[in-house]
Amino acid sequence: MSHPPVALAPANAAAPHAEPGQNGQNGHGGRTALAGLTLAAIGVVYGDIGTSPLYTVKEVFAPATGVALNPANLIGAVSVIVWALMLVVTLKYVILILRADNRGEGGGLALTALAAQAVAGKPALRRVLLLLGVFGATLFYGDSVITPAVSVLGAMEGLEVVNPALKAWILPASLAVLVGLFLVQRLGTQKVGKVFGPIIVLWFVTLGVTGVLQILEQPAILAALDPRHAWQFLTERGWYLFAAVGAIVLALTGAEALYADMGHFGRRPIQLAWTVLVFPSLALNYLGQGALLMGDPSAIENPFYRMFPESLLWPALLLATLAAIIASQAVISGAYSMTKQAIQLGFLPRMVVRNTSAHEVGQIYMPAVNWALLLGVIAAVLFFRTSSALAGAYGIAVTLTMMITTVLTWFVIREGWRLPAPIAGAATLFFLAIDALLVAGCAVKFMDGGWFPLALGGLLFLGMSTWSRGRALLLQSIRRDGLALQPFIESLAGQDLSRVGRTAVYAVADPDTVPQALLHNLKHNQVLHERNLILTVVFQEVPSVPEAERVQLESLGHGFWRVRLNFGFMDQPDVPEALALCEAQGLRMPAFETSFFLSRETVVPTPGAGMAAWREHLFAAMNRNASGVVSYFRLPDNAVVELGTRVQI
């Protein structure tokens, strides 16, 4: 089925915006709104990075890293973790990256769109940046599979600490929790989301308190706050440096969520939550685990749970499980949002999108994505079986995404903001050096599971690039074989055609060629409507388009108009609602007198220079299985006429 093109049209420079909850009012109301958003941000944004203490320290001292368990290495490793959180999360993301918003929105695709705008005058570079951003987005799906698996497994492994006889139940219990989590996704997160914040706040407070109690027993661990110990630890590792860094990077997983969820909560709540609660709690817990191991090296079997007295193990297990579920929920919801953005930016075919809230447009459920993620998570759990094994797969997707973010940010701050080259270059090179070390540390785990998210990301990138290229070839074919619109309209003026007093809307990919549905209508019905709209829908490289800029209307004469509807990649495309805005520009749009004519395209792969034959067949299959235009653009079911056409690419 044909549909208005999902186009990457350059948009104007981002206008000043108000962050969520910041309406310019000061005083008690503003503070209350900020506090509410901060609490919500803690529940959604920090679930992933907040569950890292479940497994990070244990993996740093695993046999594969070559790090001996002694006081010097404990102080050094904990120092690296704390300063990595300081440099990568606090400095890079909280202070710098959060400033690179796309009209208030963050995340990989939003940053990609912003970078593409910055180099709009360089088409070749712009395409490279778009592909780089899309590859980064595909890596996010790998993270969306691994995070639920490793978080829930890491929490459930506390069963063995509670009672060694329960070890056999770790895998079944993990699968039960994960399947239940995905089954309830269709209900939406509106009600559950209200309790996320308080639970994660309790989780972080627990992390901090348990850490402090252990630090009081072994205050020598506080030497880890001196960055010289971190430097000494790294420089003494030799070739084992990368193995150690590959484990330490587990403490940073989830950092991208700070940027990805900025549009939901705003910059200030995310920064406030990190500074006041999240970072201090994480630092204290890692210090506490180091202190515990200095006094009792045997606790390395599971240092997180060994911080709790035996009487509190069951409550700790319950709280850790809830935190893991919340961390998983955050990446699942993020995958829905990322997929919707990718569809509207033209990198994926249409899929069913269901709104789960009458009030929050961002709360959506995508069945196809949900079940694909569930299958991936189950496969990961059954294949890797433990959080330690999954730790080998974890990290490489995250660190590559961090590196891509750094590269894209360079083009935003240099080409878009015109920051002086020495400042922009120095900052970019500094963070690229850190990113390169983190990627190298994870790369050594490639055969231990690092291949898993890369293989998943590669397959998704292949599909997304094939869809994007296929749509471009389809549009070229339509332009090549179609009739020019304006001369065709002029030719109709001299014909004695019957006119019916209704409005026909022809959704087209190319607004300058005659719609196939119009040709079929004239051929078979010998009739023309009184008002004929040639409609295209364009998704701009901005999150949202103001209503005043939604409609562009051009009269073509003889009862024809060319209409362009502009949406942002975070907007909900409602075509009838947008067309109603035409009345303000003098074009009457009676809802019960309007019919929508759509062309259902059957793609026919042919030999040529377009794409490899197997990719053309893949594109044809994706096109056949794309969800319907009617529901996606909210067209009225009883006012749609579909006509088929074959298009060769």
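Angles under 35 degrees count as roughly parallel, over 145 as roughly antiparallel, 65 to 115 as roughly perpendicular, and the rest as oblique. Axes are lines fitted to C-alpha atoms, for helices over the stretch in contact, and angles run from 0 to 180 degrees between N-to-C directions.

The model is predicted: local features need pLDDT of at least 70, side-chain atom pairs need 80 or more, and totals for chains, interfaces and linings use all residues. Residues are numbered from 1 along each chain as its sequence is written, and side-chain values use heavy atoms, without hydrogens and water.

**Exercise 1.** Classify the packing of α6 against α16.

*Solution.*
- Take α16 as residues 313–344.
- The two axes come within 8 Å and cross at roughly 165°.
- Therefore α6 and α16 are roughly antiparallel.
- The crossing is left-handed (the near helix is turned anticlockwise from the far one by less than a right angle; clockwise would be right-handed).
- Contact (heavy atoms within 4.5 Å) includes Tyr141, Ser144 and Pro148 of α6, which meet a set in α16 including Ala324, Ser328 and Met338.
- By class, this contact has 14 nonpolar, seven polar and no charged residues.

**Exercise 2.** Classify the packing of α6 against α21.

*Solution.*
- α6 spans residues 123–156 and α21 spans residues 451–481.
- Their axes come within 8 Å and cross at roughly 135°.
- That makes α6 oblique to α21.
- This crossing is right-handed.
- Among the α6 residues in contact are Leu131, Phe135 and Gly142; the α21 side includes Phe452, Pro453 and Met464.
- The contact of α6 with α21 has 14 nonpolar, three polar and no charged residues.

Key:
Helix = DSSP H or I, 4+ residues; strand = E, 2+ residues; numbered from the N terminus. Nonpolar A, V, L, I, M, F, W, Y, C, P; charged D, E, K, R; others polar.
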